[in-house]
Amino acid sequence: MGSETISLPTIDFSNPGLKPGTPEWDLVKDQVRKALEEYGCFEALFDKIPLELQKSLFNALEELFDLPLQTKVRNSSKKPFHGYVGQYPMVPLYESMGIDDATISEKVENFTDLLWPEGNSNFCKTVHSYSDQLSDLDKIVRRMILESLGVEKYMDEHMDSTNYLLRVMKYKGPQTTETKLGLNAHTDKNIVTILSQNQVQGLELLTKDGHWIDVKPSPGSFIVMIGDSLLAWTNGRLHSPYHRVMMTGNEARYSAGLFSIPKAGYIIKAPEELVDEEHPLLFKPFDHVEFLSFYYTEAGQRAQSALKTYCGV
(Lines give C-alpha, C1' and ligand atoms only; values in the text may rest on other atoms or scores of the structure.)
Protein backbone atom coordinates (compact mmCIF):
# COMPACT_ATOMS: atom_id res chain seq x y z
CA MET A 1 0.00 0.00 0.00
CA GLY A 2 2.02 2.93 -1.27
CA SER A 3 1.50 6.58 -0.55
CA GLU A 4 1.83 9.61 -2.78
CA THR A 5 3.21 13.05 -2.06
CA ILE A 6 0.74 15.91 -2.22
CA SER A 7 1.53 19.25 -0.66
CA LEU A 8 -0.84 20.23 2.12
CA PRO A 9 -2.02 23.85 2.15
CA THR A 10 0.66 26.07 3.72
CA ILE A 11 -0.66 28.97 5.81
CA ASP A 12 1.53 31.80 7.05
CA PHE A 13 0.83 33.10 10.58
CA SER A 14 4.01 35.21 10.71
CA ASN A 15 2.51 38.51 9.51
CA PRO A 16 2.87 41.05 12.37
CA GLY A 17 -0.39 42.63 11.15
CA LEU A 18 -2.34 39.40 11.81
CA LYS A 19 -4.90 40.80 14.26
CA PRO A 20 -8.63 40.02 14.60
CA GLY A 21 -10.76 42.31 12.44
CA THR A 22 -8.03 43.10 9.89
CA PRO A 23 -8.12 42.07 6.19
CA GLU A 24 -4.99 39.93 6.83
CA TRP A 25 -6.80 38.06 9.60
CA ASP A 26 -9.88 37.43 7.43
CA LEU A 27 -7.74 36.16 4.57
CA VAL A 28 -5.88 33.65 6.78
CA LYS A 29 -9.12 32.69 8.55
CA ASP A 30 -10.63 31.73 5.17
CA GLN A 31 -7.54 29.63 4.32
CA VAL A 32 -7.75 27.85 7.69
CA ARG A 33 -11.42 26.99 7.26
CA LYS A 34 -10.96 25.62 3.73
CA ALA A 35 -7.91 23.53 4.68
CA LEU A 36 -9.66 22.03 7.73
CA GLU A 37 -12.77 21.18 5.76
CA GLU A 38 -10.80 19.50 2.97
CA TYR A 39 -7.81 17.89 4.72
CA GLY A 40 -8.41 18.36 8.45
CA CYS A 41 -4.89 19.77 8.67
CA PHE A 42 -2.40 22.18 7.11
CA GLU A 43 1.22 23.25 7.32
CA ALA A 44 1.70 26.40 9.42
CA LEU A 45 4.52 28.92 9.27
CA PHE A 46 4.82 30.52 12.71
CA ASP A 47 7.96 32.52 13.39
CA LYS A 48 7.15 33.08 17.06
CA ILE A 49 9.02 29.80 17.61
CA PRO A 50 12.57 30.45 16.36
CA LEU A 51 14.41 27.60 14.64
CA GLU A 52 16.93 27.67 17.47
CA LEU A 53 14.21 26.84 20.02
CA GLN A 54 12.96 23.95 17.90
CA LYS A 55 16.51 22.64 17.60
CA SER A 56 16.94 22.90 21.38
CA LEU A 57 13.68 21.01 21.88
CA PHE A 58 14.80 18.07 19.73
CA ASN A 59 18.17 17.97 21.50
CA ALA A 60 16.24 17.84 24.78
CA LEU A 61 14.09 14.97 23.44
CA GLU A 62 17.18 12.94 22.52
CA GLU A 63 18.44 13.43 26.08
CA LEU A 64 15.02 12.46 27.48
CA PHE A 65 14.63 9.24 25.49
CA ASP A 66 18.23 8.23 26.24
CA LEU A 67 17.29 7.88 29.93
CA PRO A 68 17.06 4.30 31.27
CA LEU A 69 13.66 2.61 30.93
CA GLN A 70 13.20 2.40 34.72
CA THR A 71 13.51 6.20 34.80
CA LYS A 72 11.16 6.85 31.86
CA VAL A 73 8.35 4.72 33.33
CA ARG A 74 8.15 7.18 36.24
CA ASN A 75 6.16 9.27 33.76
CA SER A 76 2.84 7.64 34.64
CA SER A 77 -0.74 8.92 34.47
CA LYS A 78 -4.25 7.70 35.26
CA LYS A 79 -5.39 9.28 32.00
CA PRO A 80 -4.90 7.01 28.97
CA PHE A 81 -1.95 7.99 26.77
CA HIS A 82 -0.73 10.77 29.06
CA GLY A 83 2.24 8.91 30.56
CA TYR A 84 5.10 6.79 29.18
CA VAL A 85 4.13 4.50 26.29
CA GLY A 86 6.59 1.99 24.87
CA GLN A 87 7.57 -1.67 24.68
CA TYR A 88 4.52 -2.47 22.52
CA PRO A 89 5.10 -5.52 20.25
CA MET A 90 2.64 -4.10 17.69
CA VAL A 91 4.69 -0.89 17.29
CA PRO A 92 8.23 -1.79 18.41
CA LEU A 93 9.77 1.35 16.91
CA TYR A 94 7.59 3.72 18.96
CA GLU A 95 7.85 5.21 22.43
CA SER A 96 6.42 8.41 23.83
CA MET A 97 5.99 10.46 26.98
CA GLY A 98 3.48 13.07 28.10
CA ILE A 99 3.97 16.37 29.90
CA ASP A 100 0.60 17.51 31.23
CA ASP A 101 -0.08 21.27 31.46
CA ALA A 102 3.19 21.89 29.60
CA THR A 103 2.39 25.62 29.34
CA ILE A 104 2.62 25.92 33.15
CA SER A 105 6.20 26.31 34.35
CA GLU A 106 5.62 24.55 37.69
CA LYS A 107 4.16 21.43 35.97
CA VAL A 108 7.15 21.15 33.64
CA GLU A 109 9.43 21.50 36.67
CA ASN A 110 7.58 18.62 38.38
CA PHE A 111 8.04 16.44 35.30
CA THR A 112 11.74 17.35 35.08
CA ASP A 113 12.38 16.67 38.78
CA LEU A 114 10.69 13.27 38.45
CA LEU A 115 13.12 12.19 35.73
CA TRP A 116 16.18 14.19 36.82
CA PRO A 117 16.05 14.44 40.64
CA GLU A 118 19.36 16.29 40.45
CA GLY A 119 17.65 18.90 38.24
CA ASN A 120 17.87 19.79 34.54
CA SER A 121 17.02 23.47 34.17
CA ASN A 122 17.90 23.55 30.47
CA PHE A 123 15.35 20.84 29.63
CA CYS A 124 12.72 22.49 31.82
CA LYS A 125 13.20 25.95 30.30
CA THR A 126 13.22 24.67 26.70
CA VAL A 127 10.06 22.56 27.03
CA HIS A 128 8.09 25.25 28.87
CA SER A 129 9.15 28.05 26.51
CA TYR A 130 8.32 25.95 23.43
CA SER A 131 4.89 24.85 24.73
CA ASP A 132 3.91 28.29 26.00
CA GLN A 133 4.76 30.08 22.76
CA LEU A 134 3.23 27.40 20.54
CA SER A 135 -0.04 27.55 22.49
CA ASP A 136 -0.52 31.01 20.92
CA LEU A 137 -0.84 29.35 17.51
CA ASP A 138 -3.46 26.96 18.90
CA LYS A 139 -5.47 29.92 20.24
CA ILE A 140 -5.26 31.81 16.93
CA VAL A 141 -6.44 28.77 14.93
CA ARG A 142 -9.32 28.04 17.32
CA ARG A 143 -10.41 31.67 17.33
CA MET A 144 -10.43 31.69 13.54
CA ILE A 145 -12.50 28.48 13.46
CA LEU A 146 -15.15 29.87 15.81
CA GLU A 147 -15.29 33.17 13.92
CA SER A 148 -15.63 31.45 10.55
CA LEU A 149 -18.51 29.35 11.91
CA GLY A 150 -20.24 32.43 13.36
CA VAL A 151 -20.15 31.12 16.94
CA GLU A 152 -17.81 33.70 18.54
CA LYS A 153 -20.14 34.03 21.52
CA TYR A 154 -18.77 30.69 22.78
CA MET A 155 -15.15 31.87 22.52
CA ASP A 156 -14.38 32.27 26.24
CA GLU A 157 -16.10 29.03 27.23
CA HIS A 158 -14.35 27.16 24.41
CA MET A 159 -10.89 28.50 25.27
CA ASP A 160 -11.35 27.94 29.02
CA SER A 161 -12.49 24.34 28.51
CA THR A 162 -9.05 23.00 27.57
CA ASN A 163 -5.54 22.55 28.86
CA TYR A 164 -2.36 21.51 27.04
CA LEU A 165 -0.51 18.21 26.86
CA LEU A 166 2.90 18.09 25.20
CA ARG A 167 3.31 14.55 23.86
CA VAL A 168 6.88 13.82 22.78
CA MET A 169 7.68 10.85 20.56
CA LYS A 170 10.61 8.81 19.33
CA TYR A 171 10.49 6.36 16.42
CA LYS A 172 13.59 4.23 16.09
CA GLY A 173 14.96 3.81 12.58
CA PRO A 174 14.08 0.24 11.47
CA GLN A 175 17.63 -0.27 10.06
CA THR A 176 16.21 -1.37 6.71
CA THR A 177 15.16 0.18 3.41
CA GLU A 178 11.81 -1.60 3.77
CA THR A 179 9.02 0.56 5.17
CA LYS A 180 7.95 -0.46 8.68
CA LEU A 181 5.01 0.68 10.80
CA GLY A 182 5.97 3.40 13.26
CA LEU A 183 2.48 4.15 14.59
CA ASN A 184 -0.92 2.73 13.62
CA ALA A 185 -3.46 4.74 11.65
CA HIS A 186 -5.65 6.77 14.00
CA THR A 187 -7.51 10.04 14.39
CA ASP A 188 -6.57 12.31 17.28
CA LYS A 189 -9.20 12.49 20.01
CA ASN A 190 -8.56 16.03 21.30
CA ILE A 191 -9.36 19.55 20.01
CA VAL A 192 -6.30 20.69 18.00
CA THR A 193 -2.88 19.04 17.60
CA ILE A 194 0.22 21.00 16.54
CA LEU A 195 3.06 18.72 15.42
CA SER A 196 6.70 19.44 14.76
CA GLN A 197 9.45 17.00 13.86
CA ASN A 198 13.16 16.69 13.28
CA GLN A 199 13.89 16.30 9.59
CA VAL A 200 13.29 12.53 9.51
CA GLN A 201 10.09 12.00 7.54
CA GLY A 202 7.41 9.40 8.17
CA LEU A 203 4.05 11.11 8.72
CA GLU A 204 1.29 9.99 6.33
CA LEU A 205 -2.27 11.26 6.04
CA LEU A 206 -5.39 9.60 4.67
CA THR A 207 -7.27 11.94 2.32
CA LYS A 208 -11.07 12.05 2.16
CA ASP A 209 -10.97 10.05 -1.08
CA GLY A 210 -9.02 7.24 0.59
CA HIS A 211 -5.42 7.90 -0.52
CA TRP A 212 -2.44 7.86 1.83
CA ILE A 213 -0.21 10.86 1.21
CA ASP A 214 3.27 11.67 2.53
CA VAL A 215 3.36 14.78 4.69
CA LYS A 216 6.75 16.45 4.31
CA PRO A 217 6.77 19.73 6.23
CA SER A 218 9.51 22.24 5.50
CA PRO A 219 12.11 22.82 8.27
CA GLY A 220 10.76 24.90 11.13
CA SER A 221 7.11 24.61 10.13
CA PHE A 222 4.26 22.91 12.01
CA ILE A 223 1.42 20.58 11.08
CA VAL A 224 -1.89 21.73 12.58
CA MET A 225 -4.49 18.97 12.78
CA ILE A 226 -8.09 18.65 13.99
CA GLY A 227 -9.10 16.01 16.54
CA ASP A 228 -12.39 14.16 17.07
CA SER A 229 -13.50 16.40 19.96
CA LEU A 230 -13.47 19.48 17.70
CA LEU A 231 -15.09 17.48 14.88
CA ALA A 232 -17.96 16.73 17.29
CA TRP A 233 -18.12 20.27 18.71
CA THR A 234 -18.41 21.73 15.17
CA ASN A 235 -21.06 19.09 14.34
CA GLY A 236 -18.99 17.65 11.52
CA ARG A 237 -18.18 20.96 9.81
CA LEU A 238 -14.45 20.14 9.92
CA HIS A 239 -12.57 16.93 9.10
CA SER A 240 -10.59 14.85 11.63
CA PRO A 241 -8.08 12.95 9.48
CA TYR A 242 -6.63 9.48 9.90
CA HIS A 243 -2.83 9.58 10.00
CA ARG A 244 0.02 7.18 10.74
CA VAL A 245 3.82 7.01 10.86
CA MET A 246 5.78 4.76 8.48
CA MET A 247 9.53 4.45 9.02
CA THR A 248 12.48 3.48 6.86
CA GLY A 249 16.27 3.74 7.15
CA ASN A 250 18.55 4.10 10.17
CA GLU A 251 17.78 7.49 11.67
CA ALA A 252 15.45 8.02 14.62
CA ARG A 253 12.48 10.34 14.12
CA TYR A 254 11.64 12.68 16.99
CA SER A 255 8.39 14.62 17.04
CA ALA A 256 6.45 16.75 19.50
CA GLY A 257 2.70 17.29 19.55
CA LEU A 258 1.05 20.08 21.51
CA PHE A 259 -2.50 18.86 22.15
CA SER A 260 -5.31 21.14 23.34
CA ILE A 261 -7.42 18.73 25.39
CA PRO A 262 -10.89 19.17 26.94
CA LYS A 263 -10.73 19.25 30.73
CA ALA A 264 -12.25 16.32 32.63
CA GLY A 265 -15.90 17.00 33.37
CA TYR A 266 -16.34 19.47 30.50
CA ILE A 267 -19.15 18.23 28.24
CA ILE A 268 -18.47 18.53 24.51
CA LYS A 269 -21.68 19.55 22.82
CA ALA A 270 -22.26 21.18 19.43
CA PRO A 271 -23.62 24.76 19.74
CA GLU A 272 -27.30 24.98 18.71
CA GLU A 273 -26.30 27.41 15.93
CA LEU A 274 -24.44 24.57 14.19
CA VAL A 275 -27.41 22.20 14.20
CA ASP A 276 -30.14 22.66 11.56
CA GLU A 277 -32.04 20.74 8.87
CA GLU A 278 -29.04 20.76 6.58
CA HIS A 279 -26.72 19.75 9.45
CA PRO A 280 -28.61 17.43 11.82
CA LEU A 281 -26.90 16.62 15.13
CA LEU A 282 -24.19 13.98 14.56
CA PHE A 283 -22.95 13.28 18.10
CA LYS A 284 -24.52 13.18 21.55
CA PRO A 285 -22.81 15.31 24.24
CA PHE A 286 -19.85 13.54 25.87
CA ASP A 287 -16.99 13.87 28.35
CA HIS A 288 -13.59 13.63 26.60
CA VAL A 289 -11.88 11.60 29.35
CA GLU A 290 -14.71 9.03 29.31
CA PHE A 291 -14.53 8.88 25.50
CA LEU A 292 -10.76 8.32 25.74
CA SER A 293 -11.32 5.45 28.19
CA PHE A 294 -13.76 3.86 25.71
CA TYR A 295 -11.30 4.31 22.84
CA TYR A 296 -8.74 2.12 24.63
CA THR A 297 -11.20 -0.76 25.19
CA GLU A 298 -11.36 -3.65 22.72
CA ALA A 299 -14.60 -2.29 21.23
CA GLY A 300 -13.07 1.19 20.86
CA GLN A 301 -9.98 -0.17 19.13
CA ARG A 302 -12.08 -2.32 16.80
CA ALA A 303 -14.46 0.47 15.78
CA GLN A 304 -13.89 2.14 12.42
CA SER A 305 -14.86 5.40 14.11
CA ALA A 306 -14.63 5.24 17.90
CA LEU A 307 -16.41 8.61 18.09
CA LYS A 308 -19.44 7.42 16.08
CA THR A 309 -19.58 4.15 18.00
CA TYR A 310 -19.34 5.92 21.34
CA CYS A 311 -21.73 8.84 20.88
CA GLY A 312 -22.99 8.95 17.28
CA VAL A 313 -26.67 9.89 16.89
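Colleague: Which residues of β12 lie on one side, which on the other, and are they buried or exposed?

Modeller: Keep in mind that this is a predicted model. Start with the general idea. In a regular strand the side chains alternate between the two faces of the sheet. Now the case here. On one side of β12 sit R253, S255, G257, F259 and I261. On the other sit Y254, A256, L258, S260 and P262. All of these are buried, so both faces of the strand are covered.

Colleague: How many residues of β12 are buried in total?

Modeller: Ten of ten, across residues 253-262.

Colleague: Which strands pair with β12, and in what sense?

Modeller: Strand β5, residues 162-171, pairs with β12 in the antiparallel sense over ten bridges. Strand β7, residues 192-197, also runs antiparallel to β12, with six bridges.

Colleague: Let us step back. How many helices and strands does the protein have?

Modeller: Ten helices and 14 strands. The radius of gyration is 19 Å, close to the 20 Å that the globule rule gives for 313 residues, so the protein is as compact as a globular protein of that length. Along the principal axes, the C-alpha atoms fill a box of roughly 55 × 45 × 40 Å.

Colleague: What share of the 313 residues is buried?

Modeller: Buried residues account for 54% of them.

Colleague: Next, cysteines. How many disulfides does a search of the whole structure find?

Modeller: The general idea: a disulfide is a covalent bond between the sulfur atoms of two cysteines. In this structure the search finds zero.

Colleague: Are C41 and C124 buried or exposed?

Modeller: C41 is buried, with a relative accessible area of 1%. C124 has 11%. The cut-off for buried is under 20%, so C124 counts as buried too.

Colleague: Now the surface. Which residues make the nonpolar patch of about 240 Å²?

Modeller: V275, L281 and V313 make that patch.

Colleague: Where is V313 placed, and why does V313 count as exposed?

Modeller: V313 lies in the segment after α10, the helix of residues 306-311. Exposed means over 50% relative accessible area. V313 has 67% relative accessibility, so V313 counts as exposed.

Terms used. Residues numbered from 1 in each chain as written. Predicted model: local features only at pLDDT ≥ 70, side-chain atom pairs only at ≥ 80, totals over all residues. Heavy atoms only, no water. Patch = residues over 30% accessible without salt bridge, like charges linked within 9 Å, V, L, I, M, F, W, Y side chains within 5 Å. Areas by Shrake-Rupley, 256 points an atom, 1.4 Å probe, with all protein chains shown as cover. Salt bridge = Lys/Arg side-chain N within 4 Å of Asp/Glu carboxyl O. Helix = DSSP H or I, 4+ residues; strand = E, 2+ residues; numbered from the N terminus. Buried < 20%, exposed > 50% of the residue type's maximum accessible area, 1.4 Å probe, protein only. Pairing = 2+ DSSP bridges. Disulfide = S-S within 2.5 Å. Rg over C-alpha atoms; globule rule 2.2 N^0.38 Å.
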